[in-house]
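Dear colleague,

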Amino acid sequence: MVIDWLPPGTAEAATAPDDPWAKPRRQDQRTVALRLKRVLMTILAEQGVDLPIPPDGPVVRMVDQRLVRKAFYACTPTEEGTPKQKAESRRKQFTRALGWAEQEQLIAAHEIEGVTYLRLSRPDVAGEAEVPES
């Protein structure tokens with residue numbers, strides 16, 4: 001059971017319903033997805049590289065997945081526990097958020113010369129959904 005303390009119609013305005021990253025219904029899942037979005041956008045802007053989508057696709061802004069993971073871990077709070085338990089919690093959150101974002105076609109991953117790169121994906125744009133993913 002959930003108690004909605006806001007008047008009808010105001011809860012939707014607060015969650016930006018048009019943001020596909022805010023789609024998960026559970027608050028904990030939505031928080032992790034939005035954290036991944038924030039981290040990915042920041043890293044793309046600061047450290048992204050322009051690379052062609054393999055094999056001969058257009059040039060897009062991508063970022064090394066390791067940079068995203070490191071930044072995600074740095075801003076992910078964990079419950080009390082041993083360092084190993086905290087690391088495992090962060091790993092699970094990152095893996096789940098990444099998997100969800102790929103499933104929703106919000107991001108795409110490509111392996112280029114042995115490095116896994118992430119990029120934003122827009123399935124609603126004509127032709128974007130047909131780009132082969134590696």
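**Helix 3 and its surroundings**

The buried residues of helix 3 pack against helix 2 (27-47), strand 2 (59-64), helix 4 (83-103) and strand 4 (115-120), where contact means heavy atoms within 4.5 Å. Helices (H or I, at least four residues) and strands (E, at least two) are DSSP runs, numbered from the N terminus.

Before going further, please note that this is a predicted model, in which local features need pLDDT of at least 70 and side-chain atom pairs count only at pLDDT 80 or more, while totals for chains, interfaces and linings use all residues. Residues are numbered from 1 along each chain as its sequence is written, and side-chain values use heavy atoms, with hydrogens and water left out.

Within helix 3 (residues 65-74), the buried residues are Gln65, Val68 and Phe72, buried meaning under 20% relative accessible area, exposed over 50%, and partly exposed in between (1.4 Å probe, protein chains only). Seen down the helix axis, these buried residues fall within an arc of 60 degrees, so they line one face of helix 3; the arc is that of the directions from the helix axis to the C-beta atoms. Arg66, Lys70 and Ala74, on the other side of helix 3, are exposed. As background, an α-helix has 3.6 residues a turn, so residues three or four places apart point the same way.

**The aromatic residues**

Searching the whole structure gives three aromatic pairs, where rings of Phe, Tyr and Trp (its six-membered ring) pair if their centres lie within 6.5 Å, and planes under 30 degrees apart count as stacked, over 60 as edge-to-face and the rest as tilted. Tyr73 and Phe94 form an edge-to-face pair, with 6.1 Å centre to centre and 90 degrees between the planes. This pair links distant parts of the chain, since Tyr73 belongs to helix 3 and Phe94 to helix 4, 21 residues apart. Tyr73 counts as partly exposed because its relative accessibility is 24%, whereas Phe94, at 2%, counts as buried. Together with Phe72, Tyr73 and Phe94 form one aromatic cluster. The charged end of Arg35 sits over the ring of Phe72, 5.7 Å from its centre; for this, NZ of Lys or CZ of Arg must be within 6 Å of the ring centre and within 35 degrees of the ring normal.

Helix 4 has 21 residues and reaches 30 Å from its first C-alpha to its last, close to the 30 Å expected at 1.5 Å a residue, the expected span being 1.5 Å times one less than the number of residues. Its buried residues are Gln93, Phe94, Ala97, Leu98, Trp100 and Ala101. They cover an arc of only 165 degrees around the axis, which puts them on the same side of helix 4. The face turned away from this buried side carries the exposed residues Lys84, Arg96 and Gln103.

In helix 2, the buried residues include Arg30, Arg35 and Leu36, and what covers the buried residues of helix 2 includes strand 2, helix 3 and helix 4.

**The strands**

Strand 3 (107-112) and strand 4 pair in the antiparallel sense over six bridges, two strands being paired if DSSP finds at least two bridges between them. Ile107 stands opposite Leu120 in strand 4. Strand 2 and strand 4 also run antiparallel and are joined by two bridges, and Val63 has Leu118 in strand 4 as its bridge partner.

With kind regards
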